[in-house]
Amino acid sequence: MHRMPLSAYSMAIARVIIDTPPSLGILTVNALVASQEVIVPVAMSTFALIGLRLLEDSIAQLRENLDLNELHILGAVGTFSDRTNVSRNTLAVLQASTQAA
C-alpha cells in the first residue's frame with residue numbers, strides 16, 4: 001500500500017485528486033488507502049445509487065480492517081443528468097442521503 005509516500009507531502013499539499021476506475025479493483029483500493037476524503041461522481045441512475053452504497057460499505061470495511069479512521073466520503077457530485085424522472089428522483093435521493101449524513 002502507498003500510504004506513507006503520500007503522507008510525506010501532507011504539509012506541502014492541501015489536496016490531491018486521484019482519478020480511479022469505477023470498480024473496486026487494486027488501483028481503487030490503493031487510492032482509498034492513500035486518501036482521507038473521497039468525492040464520488042454519481043451518474044443520475046438507479047444503478048449508480050446502488051454502486052454508491054457498495055462503495056460506502058467498502059470504505060467501512062477498509063476503515064475497520066486497516067484502521068483508516070480518517071477515511072470518509074466528503075461528498076457526491078451528480079453527473080450525466082438529464083430531464084427524465086429517473087434523473088430527478090436519483091438527484092433527490094442523493095441530496096437526501098448527503099443531508100442525512
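A nonpolar core is a set of buried Ala, Val, Leu, Ile, Met, Phe, Trp, Tyr and Cys residues joined through side-chain atoms within 4.5 Å. Buried means under 20% relative accessible area, exposed over 50%, and partly exposed in between (1.4 Å probe, protein chains only). The model is predicted: local features need pLDDT of at least 70, side-chain atom pairs count only at pLDDT 80 or more, and totals for chains, interfaces and linings use all residues. Residues are numbered from 1 along each chain as its sequence is written, and side-chain values use heavy atoms, with hydrogens and water left out.

The chain contains four helices and two strands. Both are DSSP runs numbered from the N terminus (helices H or I, at least four residues; strands E, at least two). Their order from the N terminus is α-α-β-α-β-α.

The largest nonpolar core has 15 residues. Those touching the most other members are L32, V38, V40, V42, I59, L71 and L94. At least two core residues come from each of α2 (26–33), β1 (37–43) and α3 (46–66). Helix α3 gives the largest share, six residues. Beyond four places in sequence, V42 touches A48, L52, A76, V77, G78, T79 and L94.

Helix α4 (residues 85–100) holds V93. This valine is partly exposed, at 41% relative accessible area. The C-alpha atoms of V93 and L49 lie 8.5 Å apart, across 44 residues of sequence.

Of the 101 residues in the chain, 24% are buried. Among contacts (heavy atoms within 4.5 Å) with a separation of 6 or more, 69% link residues 24 or more positions apart.
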